[in-house]
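Okay, thanks for making time, everyone. I'd like to talk through some side-chain contacts, so let me put the model up.

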Amino acid sequence: MVLLGVGSVLVPALALSEGPAIQAVDSGVYHYWSPMQVSVTPGGAVAFSNPSETKHGVEWRTGPATPSCSAGVPVGNTIQAAASKWSGTCTFTQPGSYTFYCTVHGPEMHGAVTVSAGGETTVTTTTPATTPTAPSTTPGTPTPGGGEPSGQVPAAQRLAGAISLPSRQHGRVRGSLSISSAAAAGRLEVDLLARPAVLASAARSREVVVGRLLRSHLRAGRTSFALSLRARAHAALRRRGHISLTVRIVITTAAGHAGVISRKVLVRP
């Protein structure tokens, strides 16, 4: 009888301690937070974790105040702030929207926490309690039945597919992709990113944009793109004979939902 009484007290107490949880997920070339957005009330806490060997960190980008995070969460704005296999919590006191990036993967791996002025804390249930299973769908392939696989599909896989981007390029970077109907009337941004060492820029710790293309009012279907290198990257290409770049493709819907795809290419003169 005593044991039953204790159990009846402990279960509600554990339920009350549960809150939103955001976990870093690695799926091939994709890196994302799952779920990408949660909500809490003022004073609420969100659990952050990275169960993998891949290094991730949290860089707060916007918000009414800086959240208070425990020592287990690697917070910073440089790659050096990232770590593997960590967990902790961040507490939010002021209402508003807080956005964050991974300190390693930048906007490719973005998320948000909304602190509502009142109401109940929202717990998103798409994040598994254990290590998430990598999504089995390929870019542009819908999930049977219209749902999403466990672990939450990256937004980019729902907005674009059939990407053609040769890993070896000459002079310029060319590619193409299929825009889904969900991204119609949205916006396409293609960035070329180079490591500081490639540009002989030791002062920077993050990749530098060396080319950019912006296109709005997208139409569903196949679209092509071609980007030239900026002066510094051209100089590095002539000096080194080749440079390695990251091609970051950002697709934003008319409603403001974004997906990011990254690929590596080697550019020769």
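So, a salt bridge here is a side-chain nitrogen of Lys or Arg within 4 Å of a carboxyl oxygen of Asp or Glu. Searching the whole structure with that turns up five salt bridges. Bear in mind it's a predicted model: local features need pLDDT of at least 70, side-chain atom pairs count only at pLDDT 80 or more, and totals for chains, interfaces and linings use all residues. Residues are numbered from 1 along each chain as its sequence is written, and side-chain values use heavy atoms, with hydrogens and water left out.

Let's take Glu189. Its side chain meets that of Arg187 in a salt bridge, 3.5 Å from N to O. Glu189 also forms a salt bridge with Arg212, where the closest N and O atoms are 3.5 Å apart. Arg212 then bridges to Asp191 at 2.7 Å between the closest N and O atoms.

Now the rings. Aromatic pairs are Phe, Tyr or Trp rings (six-membered ring for Trp) with centres within 6.5 Å; planes under 30 degrees apart are stacked, over 60 edge-to-face, the rest tilted. There are seven such pairs. Trp60 and Phe92 sit edge-to-face, 5.6 Å centre to centre with 80 degrees between planes, and both are buried.

Key. Buried < 20%, exposed > 50% of the residue type's maximum accessible area, 1.4 Å probe, protein only.
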